[in-house]
Amino acid sequence: MMVDQNKLLEVKDLRKYYKVRRQGFFKRITNLIRAVDGISFKIGQGQTMGLVGESGCGKTTTAMLILLLEQPTSGAILFRNENIHTLEATSIRNYRAEVQAVFQDPWSSLSPRMRAGSIISEPLKVNQKISKRDRKERVEELMLAVGLDPTQADAFPHEFSGGQRQRISIARALSLSPRLIILDEPVSSLDVSVQAQVLNLLKELQGKYGMSYLLIAHNLGTVQYLSHRIAVMYLGKIVEMVPSEELFLNPLHPYTKALIAAALPRKREDQNEELTLKGEIPSPMAPPPGCRFNTRCSCAIGRCSQEEPRFRELSSGHWASCHLY
């Protein structure tokens with residue numbers, strides 16, 4: 001699905017099911033929530049994969065699996081060709097240092113009792129045996145890299161603006177020189193005027209340090225701006241995977257088209273060409289048979305409710321699962 005050159009991370013047929021038990025009239029009933037249901041993708045070194053879709057589609061669960069915060073039901077996650085869920089303790093420690101995360105809300109992800117410098121240097125204290133002086137120099141270097149004044153190292157998080165707090169989170173993620181950073185809605189909680197600044201910063205840092213990103217976001221513009229490839233998720237599955245520049249130029253799956261129409265409405269004379277989402281997203285405990293999008297798709301045909309479409313390459317680097325093609 002991607003060129004293997006400089007491949008850093010590969011997700012292969014990954015599944016995560018959660019058991020939900022409830023008491024029926026005569027017996028206890030066990031249902032499965034299919035949060036992630038057989039997804040595959042690759043991220044190259046220095047590349048960004050965008051993961052987009054409605055709430056509950058499985059984006060954050062995918063991130064938690066990669067961060068080793070959840071164990072998969074089946075499938076594999078390969079980091080530099082090693083399955084991360086079979087690593088020994090020492091290798092797991094190294095993996096956690098090489099894969100970092102920046103979360104949506106910098107206020108809740110930063111300890112209010114720690115000063116900015118201590119927050120940034122904490123991963124160094126835990127993972128590396130370096131002197132206090134070297135840690136201080138590293139903190140100063142990182143604060144400058146993310147556009148913060150090193151003299152603010154003794155300030156607490158509440159003394160910074162929202163955008164500055166997110167820069168502290170980014171500096172902390174960079175402290176161990178990771179190879180991959182997972183960005184979970186990194187700008188959605190920020191003012192619109194600040195979002196562009198943080199996005200430009202992330203792009204500059206990737207060019208400077210060469211790390212890869214897995215970007216999780218709802219905003220299609222954010223995803224397109226930062227990503228080299230974009231995967232569109234719906235109800236636990238990837239329904240389309242496309243080079244970033246093709247996202248708006250040539251979307252193929254009806255769900256992708258509906259997302260774009262909702263994000264960027266066209267002129268009134270073009271309204272009849274737009275696809276709109278109807279109804280509510282089905283429960284992941286009882287996904288519809290066939291194509292999971294068929295209950296909301298205005299282009300659905302009889303085959304869509306009976307047979308699950310195969311995820312296949314329709315043109316160079318452009319994958320989708322839809323019976324229309």
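How much space lies in the largest cavity? In this predicted model, the largest cavity holds about 90 Å³ of space. A search of the whole structure for cavities of 30 Å³ or more finds one. The lining of the largest cavity comprises 14 residues. Those nearest its centre are Pro-254, Cys-291, Cys-297, Cys-304 and Cys-322. When the lining is sorted by class, ten residues are nonpolar and four are polar, while no charged residues are present.

Along the principal axes, the C-alpha atoms of the protein chain fill a box of roughly 70 × 55 × 45 Å.

The burial of residues and the contacts between them complete the description of the fold. Of the 325 residues in the protein chain, 49% are buried, that is, they have under 20% relative accessible area. Among contacts with a separation of 6 or more, 64% are accounted for by residues 24 or more positions apart in the protein chain.

The accessible surface of the protein chain amounts to about 16,300 Å². Carbon and sulfur atoms contribute 48% of this accessible surface.

Key:
Residues are numbered from 1 along each chain as its sequence is written. This is a predicted model: local features need pLDDT of at least 70, side-chain atom pairs count only at pLDDT 80 or more; totals for chains, interfaces and linings use all residues. Side-chain values use heavy atoms; hydrogens and water are left out. On a 1 Å grid over the protein atoms alone, a cavity is a set of points where a 1.4 Å probe fits but cannot get out, and a pocket is an open set with protein on both sides within 12 Å along at least five of seven lines; lining residues have an atom within 4 Å of a point. Grid points are joined across faces, edges and corners, and a volume is the space filled by probe spheres set on the points. Ala, Val, Leu, Ile, Met, Phe, Trp, Tyr, Cys and Pro count as nonpolar, Asp, Glu, Lys and Arg as charged, and the others, Gly among them, as polar. Buried means under 20% relative accessible area, exposed over 50%, partly exposed in between (1.4 Å probe, protein chains only). Contact means heavy atoms within 4.5 Å. Accessible areas come from the Shrake-Rupley method with a 1.4 Å probe; for residues, only the protein chains shown count as cover.
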